[in-house]
Amino acid sequence: MESCIRLSSVVRSTGRALSTAAGRQQRALVAEAGVFTDQEKQTEEKHIRKNFEDVQKERQNQGRHSVLIGCPPKVNENKFLKYLSQHGKVANHFFFSSNSTNAVVEFVDAESIDSLLAATKIPTDEDMCVVPFKSRFIKIKAKDLDQHSVQCCPQSSIAFSDLIEKLCTGESIEDQAQILLEELQLTEESIRLRYLVSTLISDIATAYFPEASVSLYGSSVNSFGKMGCDLDLFLDLESLKGHRTGKQAGGSITTEFWMRRVSSRRAAQQKILSVIGECLDGFGPGCIEVQKILNARCPLVRFSHQAAGLPCDLTADNRIALTSSELLYIYGNIDSRVRALVFALRSWARVHGITSSIPGHWITNFSLTTMILFFLQKRTPPVIPTLDQLKSLAGKKDKCIIEGNDCTFIRDLNKVKPSANTEPLATLLIEFLEFYGKFDFKTHCIDIRKGTEKNKPESSPLYIQNPFEQTLNISKNVNQSQVHRFVDIAQESAFILQDQMSQSSKSKNPWGLASILLSSSTENSSTTKKKKKVEARERIVSLLESLRNKDNSGKTDVKPEAEH
Ligand code: GTP
Ligand code: MG
């Protein structure tokens, strides 16, 4: 992996260093004491202090300076670079393979891209007609190059069996969680590719709305992104609204744009997304399988970026979701145990079918992450502050009201004090499973704003208060049987880990995190078999429902529809 990276900076925006076995061993030694080495502290300090907005700007800038190049299966890397450097200095590049071999090339200057595009031909096709839309996704043809295979950076995560094998080499649960994090988290290349795709989509949107921008939200940016996760994009039209950009001449006369009026904000979103969806379908660079899902609670355009191998969701005017991503980013970077725990538990939930890629009555990754944050707020002393505490630290610049909702919280990570809690990750993992194994879901609601349980305002089986739109439940979609399953599996996994902890040596393999990622010991019991049948039936019903909805009205069950 390392050898294929030709990046001048291999620092992950949200990741951690010390990926070697020696590093892990060293960490294992200090993990028991709940302290970090000096080297780790320095690495942490260097990387966690960047604010969300600064990271976004920096990454978007990289994306804007980059081109996506479809390559022949074999290409001579030196000649490839030599050709490109005729147009300007190349800052970074890497190859990756999805359906075919591709490269991402970042130039130092934006003018180099103009020069490259000016030298790029519009293809001719004898049988078909081409739509001459120019973009930063081009193809390179290498006729007379002596061709070699290039090393491609992986764009998908490690196979499950290999992951389990690797986890078993860990010296402690802490160590295992770190291995899992390093194996599953988004790589530097995947992050760069995601931003590049967002700028390609942005180029289409800004052809209509020059002041609009396309931003990333969700797990691609909230520090909990796993290789292969979807790319959540939103078209930000905020800068278009209500601001006069030029000077109005004095006196009693003012000017305004002639603009079409529609009945609601939602209707405006639908109109805009419909047009952008049409463009993506007609000539979006690399976009396939475009679906306009405009009747969903939050209208969206869903498509795949074929070359990048990314499923994408584009919404409009979704600033609260971006703010939720920023909040999660802050939590993910306040304390290194947060990401490690979230990655471990997201993987655990996925293998047990607690979460699913199919929309339905399952707990979503977003809800699960919120539950983990709530648990961490409840430790003594707390591992992370509550949202109200983050709000109390906010300065003038942090004040933020979106659609009447108070979204104020401190944005500067440097101003959040480190936690006094030093519990090892293994303890937190077991305690999480125990905490929710006996949580009173019937009566209580989860609220990360206050960090305390309170009575549920209504009878949903799982009530997780939306941190910003406080009258909403982000887990409205979850049914009773899914809550029961979650509780049962949490209890069972806690039992497995406690049992292992009580034995002096690791007598069994797989052990620790690996053991709870594999099917439990009671997997073959008749109750488990029955549960699995019910689960399979529920999945089929849910899938059929979503297909029916799509056929009937173009509507499907998407994330923000979870709440009411
Ligand atoms: P992945 O499963 O890795 O894609 O995690 P994700 O966090 O990206 O989740 P998803 O793609 O389902 O949603 C993207 C973002 O939309 C989340 O990070 C949240 O910010 C927001 N979101 C998702 N579900 C809800 C919901 O039910 N209510 C609200 N208000 N926001 C949601
Ligand atoms: Mg997502």
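Let's start with Tyr436, which counts as buried because its relative accessibility is 0%. Keep in mind that this is a predicted model. Tyr436 touches Met371, Phe374, Phe375, Phe441, Ile446, Phe486 and Val487, leaving aside residues up to four places away in sequence. Tyr436 is also among the residues with the most contacts inside the largest nonpolar core, along with Leu314, Trp348 and Phe486. That core has 124 residues, and it draws at least three residues from each of domain 1 (12-158) and domain 2 (335-523). There's a second, separate core as well, with 15 residues, including Val75, Phe95, Phe107 and Leu116.

A pair of aromatic rings is described by how far apart the centres are and by the angle between the planes. The count here comes to 20 aromatic pairs. Take Phe435 and Tyr436: their ring centres are 4.7 Å apart and their planes sit at 85°, so this pair is edge-to-face. Ring pairs also link Tyr436 into a cluster with Trp348, Phe374, Phe375, Phe432, Phe435, Phe439, Phe441 and Phe486.

Now zoom out to the whole chain. The protein chain has 564 residues, and buried ones make up 52% of them. Its secondary structure comes to 17 helices and 14 strands. If you take the contacts between residues at least 6 apart in sequence, 69% of them join residues at least 24 apart.

Next, the strands. Strands of a sheet pair through backbone hydrogen bonds, in either a parallel or an antiparallel sense. One open sheet has five strands in the order E4-E1-E3-E2-E5, and its pairing is mixed. E4 and strand E5 (152-153) are the edge strands, each pairing on one side only. On one side of strand E1 (residues 66-70), read the partner from the bridges: five of them join E1 to strand E3 (residues 101-107), and the two run antiparallel. Leu68, for instance, has Val104 in E3 as its bridge partner. E1 is also joined to strand E4 (residues 137-139), this time by three bridges and in parallel, with Ile69 facing Ile138 of E4 as bridge partner. Move on along the sheet and you find strand E2 (residues 90-97) joined to E3 by seven bridges, running antiparallel; there, Asn92 has Glu106 in E3 as its bridge partner.

How many of the residues of strand E1 are buried? Five of its five, which leaves this strand mostly covered. In a regular strand, side chains alternate between the two faces of the sheet. In E1 both faces are covered: Ser66, Leu68 and Gly70 are buried on one side, and Val67 and Ile69 are buried on the other.

Thr120 sits in it, between helix H5 (110-118) and E4, and with 28% relative accessibility Thr120 counts as partly exposed. Thr120 and Lys139 are 19 residues apart in sequence, and their C-alpha atoms are 8.9 Å apart in space.

E6 is joined by five bridges to strand E7 (residues 231-236), and the two run antiparallel. Leu216 has Leu233 in E7 as its bridge partner.

Most residues other than glycine have a negative phi, and most peptide bonds are trans. Ser223 has a positive phi of about 85° without being a glycine. Ser223 lies in the loop between E6 and E7 and counts as buried, at 3% relative accessibility. Glu403 is another non-glycine residue with a positive phi, near 50°. Glu403 is found in the loop between strand E11 (401-402) and strand E12 (405-406), and it counts as partly exposed because its relative accessibility is 46%. The peptide bond from Thr380 to Pro381 is cis, with omega near -15°, and Pro381 sits in the loop between helix H12 (365-377) and helix H13 (387-392).

Notes
Residues are numbered from 1 along each chain as its sequence is written. Chains are lettered from A and ligands numbered from 1 in the order in which they are written. This is a predicted model: local features need pLDDT of at least 70, side-chain atom pairs count only at pLDDT 80 or more; totals for chains, interfaces and linings use all residues. Side-chain values use heavy atoms; hydrogens and water are left out. A nonpolar core is a set of buried Ala, Val, Leu, Ile, Met, Phe, Trp, Tyr and Cys residues joined through side-chain atoms within 4.5 Å. Buried means under 20% relative accessible area, exposed over 50%, partly exposed in between (1.4 Å probe, protein chains only). Domain bounds come from an automatic or database domain assignment. Contact means heavy atoms within 4.5 Å. Helices (H or I, at least four residues) and strands (E, at least two) are DSSP runs, numbered from the N terminus. Two strands pair if DSSP finds at least two bridges between them. Rings of Phe, Tyr and Trp (its six-membered ring) pair if their centres lie within 6.5 Å; planes under 30 degrees apart count as stacked, over 60 as edge-to-face and the rest as tilted.
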